[in-house]
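Here is a short briefing for a first look at this structure. Please keep the sequence and the 3D view open while reading.

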Amino acid sequence: MKTVLVTGATAGIGEACARAFVEAGWRVIATGRRAERLDALVEELGADRVHPCVFDVRDETARDAALAALPAAFSSIDCLVNNAGLALGTARAQDADLDDWKTMIETNVTSLIALTHKLLPQLIESKAVIVNLSSVAATYPYTGGNVYGGTKAFVRQFSLGLRSDLSGTGVRVTSIEPGMVETEFTLVRTGGDQTASDTLYAGVNPLTGADIADVVLWVASQPPHVNINALELMPVNQSFAGFQVARD
Ligand code: NDP
Ligand code: 8X3
């Protein structure tokens, strides 16, 4: 039985990944800060299939302690899903909160590279699949997306560079780049504004966490000679608009 480590498995895409991988016969190391959510996953899916690791991805000491305490059955990792991440705020750069920018960079970039760096020796050993959650925001700028889009562009380019470095090791790396997925993402981005979140997704028929989990599982289930480099997906009701023009 293979083992996947999913960061940010307490909600949204990560939680859906935990369910999808267990359903497909994998063991899941599920991480996040909200212990009660991870306990509920263990209760639902079984302690033999899900191991909870409670830590803030920015806290390397707590992370290392949780990973050092992995039970033997979960100790060899065949797939790493770097999913934990967030956007904070939609303000234009000139009005944005610098602390929000730093939190996004620490969570989406610094923690992702640190965990990847820590696990790389064993990921090479197991010829693992690394799936990184980027975003359409990596490629298409939008007003108020500033640092969030920057972090996701980093994730995409880091994924491609990692692939290059890992040439010949058998390790595969994929950047997944979704558009609108209805999760707790907008609730977090707006500081807990449920109405703003509901309004954003109303009538859109957005992607779901389960849609993305299906894609992540498909990527991880390809035969060993197939690498999906990058995969961008959107709800049908989301598409592109033109440039904005400011007039004097
Ligand atoms: P959710 O807010 O629903 O889930 C985010 C997950 O990340 C939670 O499990 C949360 O766990 C975890 N997380 C956030 N910060 C930390 C932290 N400091 N330490 C540990 N875990 C953390 O959002 P999504 O499921 O939508 O987002 C998952 C990923 O997908 C993100 O990287 C996001 O950027 C990306 N994405 C989302 C899109 C969308 O439209 N929803 C589109 C494109 C990409 P906890 O709070 O319990 O710690
Ligand atoms: C989240 C997608 O379009 O809200 O990564 O930036 S978007």
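28 residues surround ligand 1, and the closest are G8, G12, R33, G85 and T183. A residue counts as near a molecule if its C-beta atom, placed from the backbone, lies within 6 Å of it. This is a predicted model: local features need pLDDT of at least 70, side-chain atom pairs count only at pLDDT 80 or more, and totals for chains, interfaces and linings use all residues. Residues are numbered from 1 along each chain as its sequence is written, while chains are lettered from A and ligands numbered from 1 in the order in which they are written.

**Around ligand 1**
- Helix 1 (12–23) and helix 6 (185–189) are the elements that give two or more residues to this shell. Helices (H or I, at least four residues) and strands (E, at least two) are DSSP runs, numbered from the N terminus.
- Helix 1 gives the most, with 3 residues.
- By class, the shell has 12 nonpolar, 11 polar and 5 charged residues. Ala, Val, Leu, Ile, Met, Phe, Trp, Tyr, Cys and Pro count as nonpolar, Asp, Glu, Lys and Arg as charged, and the others, Gly among them, as polar.

**Around ligand 2**
- S135, V136, A137, G145, G179 and M180 surround ligand 2.
- Its shell holds 3 nonpolar and 3 polar residues, and no charged ones.

- An open sheet is formed by 7 strands in the order 3-2-1-4-5-6-9, with parallel pairing. Two strands pair if DSSP finds at least two bridges between them.
- Strand 3 (50–54) and strand 9 (230–233) stand at the edges with a single partner strand each, so one side of each has no neighbour in the sheet.
- Neighbouring strands of the sheet are turned by 15° against each other on average, direction ignored. The axes are lines fitted to C-alpha atoms.
- Strand 1 (residues 3–6) and strand 4 (residues 79–82) run parallel and are joined by 3 bridges.
- V4 has C79 in strand 4 as its bridge partner.

**Helix 7**
- Of the 8 residues in helix 7 (residues 194–201), the count of buried ones is 0. Buried means that 20 or more other C-beta atoms lie within 10 Å of a residue's own, all placed from the backbone.
- G203 follows helix 7 and has a positive phi, near 75°.

**Record and confidence**
- UniProt lists residues 2–183 as "domain: Ketoreductase" in an unreviewed entry. Such annotations may be inferred rather than shown by experiment.
- Over residues 2–183 the chain is 44% helix and 18% strand.
- The chain averages a pLDDT of 98. This score is the predictor's confidence in each residue, from 0 to 100.
- The model scores ipTM 0.99 and pTM 0.99.

Technical notes. Buried ≥ 20, exposed ≤ 12 C-beta atoms within 10 Å, placed from the backbone. Axes fitted to C-alpha atoms, helices over the stretch in contact; angles between N-to-C directions.
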